[in-house]
Protein chains: 2
Amino acid sequence: MLDTPKHADQHIPGAIPATPIRAMRAEGTRVAVDLADGGSAKLSTRWLRLACECELCGDTASGKRWLTPADVGKTVHAESFDLSTPGQVSAIWQDGHVSRYDAAALASHFDGSGPIRFQPRLWSSDLSGQLGRFAFDAVVADDAALFASLRALRDHGIAMLTGVPAEAEATARVAGRYGPIRETSYGKVFDLISRPDARVAGETARAQIPHTDEPFRYSPPGFIFFHAIRTGAGSGGTSLMVDGFHVAELMRTHSPELFDLLTRHGVTFHREHSGEVFFSAEAHVFSLDAAGAVTGIRFNDRCLAPQSAPLDRIDDLTEALAELTRLIRDPQNQFQHQLQPGEVLVFDNQRVLHGRTEFDPTLAVRHLRSCNIDRDGVHSAFRSLARRFAPEEAEAVLYQGAIF
Amino acid sequence: MLDTPKHADQHIPGAIPATPIRAMRAEGTRVAVDLADGGSAKLSTRWLRLACECELCGDTASGKRWLTPADVGKTVHAESFDLSTPGQVSAIWQDGHVSRYDAAALASHFDGSGPIRFQPRLWSSDLSGQLGRFAFDAVVADDAALFASLRALRDHGIAMLTGVPAEAEATARVAGRYGPIRETSYGKVFDLISRPDARVAGETARAQIPHTDEPFRYSPPGFIFFHAIRTGAGSGGTSLMVDGFHVAELMRTHSPELFDLLTRHGVTFHREHSGEVFFSAEAHVFSLDAAGAVTGIRFNDRCLAPQSAPLDRIDDLTEALAELTRLIRDPQNQFQHQLQPGEVLVFDNQRVLHGRTEFDPTLAVRHLRSCNIDRDGVHSAFRSLARRFAPEEAEAVLYQGAIF
């Protein structure tokens with residue numbers, strides 16, 4: 001986002017002064033930059049020409065863009081630079097085209113420094129003290145409260161909404177604040193009620209090892225909302241939540257070879273109901289970004305197909321899946337919470353695993369309402385509100401999820 | 001899928017005889033297999049125990065699964081094997097548990113042979129002769145016709161539906177056969193009508209370089225349906241379709257270093273409408289599977305943010321994006337087609353790029369109706385129908401899309 005008028009008043013935070021550039025000069029394929037603090041930097045000339053977002057070149061953020069990478073040749077050359085306007089840099093190109101850049105935005109690209117990557121906060125059984133709790137009325141009515149809860153979801157991958165009316169309509173009303181609700185084969189907002197002979201395991205009363213939902217999809221569900229309508233206190237069914245990023249780091253530390261295998265060997269998850277659906281995805285259990293940080297997890301031991309691997313790798317793969325299952329089952333890694341009517345638990349299904357203890361369906365009816373919102377919808381809501389409430393956080397790269 | 005009753009009648013196709021196994025014996029962590037054809041094979045003992053899907057262990061395809069990887073130790077041991085039932089193998093384990101396997105299904109895992117991966121058929125400007133055309137009436141009423149069109153979509157990533165009534169309801173009726181229609185911020189089925197001052201480039205009359213839609217999402221749209229209602233013949237607006245897998249292979253052949261860069265350096269695509277949405281994804285332009293085959297592409301030159309890369313890589317990255325843009329623009333790689341009212345063009349947005357020539361909106365109104373279906377929904381429909389119409393194709397790993 002360079003030279004985009006709507007962001008001209010937003011400067012990169014930190015140590016960079018408002019006008020960090022003292023002089024610029026062309027050096028062939030590079031532009032040499034003298035900094036106000038006495039240092040120096042380089043930019044690629046071709047990159048700089050492509051970074052122009054004037055009206056003729058068009059704006060990449062809106063998609064009304066007319067200059068393409070193929071339109072800027074390797075020999076592009078700047079005739080001169082103009083730094084006379086504070087906070088702004090102009091380049092005059094060989095063909096007479098003039099590009100204007102916000103100096104601070106340009107400075108964030110000096111020497112090809114990479115983007116700022118958000119660092120999530122990991123948690124284990126001790127989540128309770130850090131768990132963000134947000135009142136329904138505030139989140140529904142107030143963008144600042146909504147933003148605070150979005151920030152908690154970014155930090156911990158989980159947050160609690162309280163005081164939510166036990167009405168069907170309230171689930172959609174509050175969830176819709178976080179992004180467009182995704183319609184699934186069960187509908188937009190669907191009921192999870194304990195009853196015998198249920199077709200999916202989530203509707204039976206047996207205990208469930210914490211898992212991510214639908215790892216057999218190419219793109220599993222994003223944020224999941226669990227709205228407790230009736231929970232039957234005393235009959236079991238305690239929620240067990242696990243930070244997948246935390247258990248991933250435990251594996252990376254204690255079993256680096258097994259961790260590594262789960263980042264590069266595709267594991268197959270499947271789901272088939274004869275004549276109805278047949279999903280199958282071959283994916284990494286742990287996804288890493290360019291810096292090696294975990295960006296997502298997909299795992300449900302109940303959906304693991306018989307795996308394919310060379311004979312000299314299959315036992316290590318099995319041990320990796322066994323070790324991960326043990327870590328997920330370990331109460332030290334589980335935040336345990338008995339949902340109360342009026343609470344909505346929101347969590348990132350590509351980071352946080354959810355399960356529950358068994359419960360006795362003859363003692364009480366257990367009724368949750370649930371819906372999903374795509375991760376990029378929630379992150380879009382976060383970034384848009386960050387422009388208003390915390391501009392320095394708006395452009396950080398967020399962890400992108402359980403990708404392949 | 002081993003020992004799952006509903007598949008017991010389905011044998012792996014090819015050279016494997018119906019009962020390929022003559023004898024099995026335990027050899028520590030391995031099970032040695034003597035084959036009917038005189039050959040031999042090995043299986044992992046631990047893998048074999050985990051592959052049991054009896055009622056006690058549970059069924060991984062339905063998710064009603066009770067045995068976990070952590071429940072099978074490294075020292076698990078088979079006491080004996082029973083091959084007396086034709087087409088079936090039984091293992092009796094040290095704890096007395098008995099597992100039964102379909103012999104042919106087991107044979108597909110001998111020596112850790114990998115899964116069968118579907119090989120797509122590539123195309124360029126010559127698509128016309130191969131393009132699958134399917135009548136609306138048949139696809140709506142007949143599962144065999146639907147399956148034929150799903151197979152065409154798998155093979156070429158594109159197919160044409162003909163004789164579709166120019167009614168709003170018809171778009172959803174035919175698209176819904178391929179999977180649940182995904183609701184977007186524009187609605188489920190939305191109109192693309194040329195008009196001035198449109199906010200997104202797709203609604204203006206300018207030419208569009210072929211692109212994939214919404215590469216700035218973590219998971220871009222899957223299959224896109226374009227239903228032509230009015231097209232204004234003679235006024236321009238010819239559809240330009242490009243097989244992303246074909247241009248990827250051209251790059252791999254002619255510019256292997258540039259191709260390689262687009263498979264491992266994350267490129268940032270973004271979309272921001274101030275106060276409304278702010279999407280950003282850092283992703284590989286070309287996604288590869290474990291065998292190095294291209295499984296997906298995401299690219300829209302108009303949504304490329306100013307890229308981040310080390311100074312010694314940024315010019316190669318720019319050249320890679322420029323070369324890809326040139327290949328996409330090259331008429332030799334474009335299938336050109338003037339959509340006619342009653343036609344629906346369906347294509348895989350994570351494989352096929354779509355664009356159009358400019359058109360004169362003062363000459364005629366141009367009206368398309370469009371909707372999206374997730375890729376895993378369409379692939380689920382394909383696999384489910386393949387169980388009926390082409391069982392040998394049901395379990396192949398399909399190309400999984402434009403992943404990170």
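## B:Arg100 and strand S8

At 41% relative accessibility, B:Arg100 counts as partly exposed. The residue belongs to strand S8 of chain B, which covers residues 98–102. The model described here is a predicted one. In this model the C-alpha atoms of B:Arg100 and B:Gly237 lie 60 Å apart in space, with a sequence separation of 137 residues.

## The interface of chain A and chain B

Chain B contributes 92 residues to the contact between the two chains, and chain A contributes 92 residues. About 7,900 Å² is buried between chain B and chain A, with 52% of it on carbon and sulfur atoms. On the chain B side, B:Tyr218, B:Phe278 and B:Leu311 supply 10% of the area that chain B buries against chain A, more than any other three residues.

The interface of chain B and chain A holds 16 salt bridges by the rule applied. A salt bridge also joins the side chains of B:Arg182 and A:Asp374, with an N to O distance of 2.2 Å.

## Helices H6 and H7 of chain B

Helix H6 of chain B spans residues 244–254, and helix H7 of chain B spans residues 256–264. Their axes come within 5 Å and cross at roughly 130°.

By residue class, the contact of H6(B) with H7(B) has six nonpolar, two polar and one charged.

## Two buried residues of chain B

B:Ile21 is in strand S1 of chain B, residues 21–27. Its relative accessible area is 6%, which is under 20%, so B:Ile21 is buried. Beyond its neighbours within four places in sequence, B:Ile21 is in contact with B:Val33, B:Asp34, B:Ala36, B:Leu83, B:Val89, B:Ala103, B:Leu106 and B:Phe110. B:Phe134 is 113 residues from B:Ile21 in sequence and 44 Å from it in space, C-alpha to C-alpha.

B:Ser124 sits in the loop of chain B between helix H2 (103–107) and strand S9 (133–135). B:Ser124 counts as buried because its relative accessibility is 15%. With residues up to four places away in sequence left out, B:Ser124 touches B:His246, B:Gln332, B:Asn333 and B:Phe335.

## A:Arg313 in helix H8

In chain A, A:Arg313 is part of helix H8, residues 311–329. The relative accessibility of A:Arg313 is 27%, so this residue counts as partly exposed. A:Arg313 touches A:Leu261, A:Arg264 and A:His265, residues up to four places away in sequence not being counted. A:Gly163 is 150 residues from A:Arg313 along the chain, and their C-alpha atoms are separated by 50 Å.

## Glu214 in each chain

A:Glu214 is not a glycine, but has a positive phi of about 55°. Its place is the loop of chain A between strand S13 (208–211) and strand S14 (223–230).

In chain B, B:Glu214 likewise has a positive phi of about 55° although it is not a glycine. B:Glu214 is found in the loop between strand S13 (208–211) and strand S14 (223–230) of chain B.

Note on methods. Residues are numbered from 1 along each chain as its sequence is written. Chains are lettered from A and ligands numbered from 1 in the order in which they are written. This is a predicted model: local features need pLDDT of at least 70, side-chain atom pairs count only at pLDDT 80 or more; totals for chains, interfaces and linings use all residues. Side-chain values use heavy atoms; hydrogens and water are left out. Helices (H or I, at least four residues) and strands (E, at least two) are DSSP runs, numbered from the N terminus. Buried means under 20% relative accessible area, exposed over 50%, partly exposed in between (1.4 Å probe, protein chains only). Contact means heavy atoms within 4.5 Å. Axes are lines fitted to C-alpha atoms, for helices over the stretch in contact, and angles run from 0 to 180 degrees between N-to-C directions. Ala, Val, Leu, Ile, Met, Phe, Trp, Tyr, Cys and Pro count as nonpolar, Asp, Glu, Lys and Arg as charged, and the others, Gly among them, as polar. Buried area is the accessible area (1.4 Å probe) that two parts lose on being put together, summed over both. A salt bridge is a side-chain nitrogen of Lys or Arg within 4 Å of a carboxyl oxygen of Asp or Glu.
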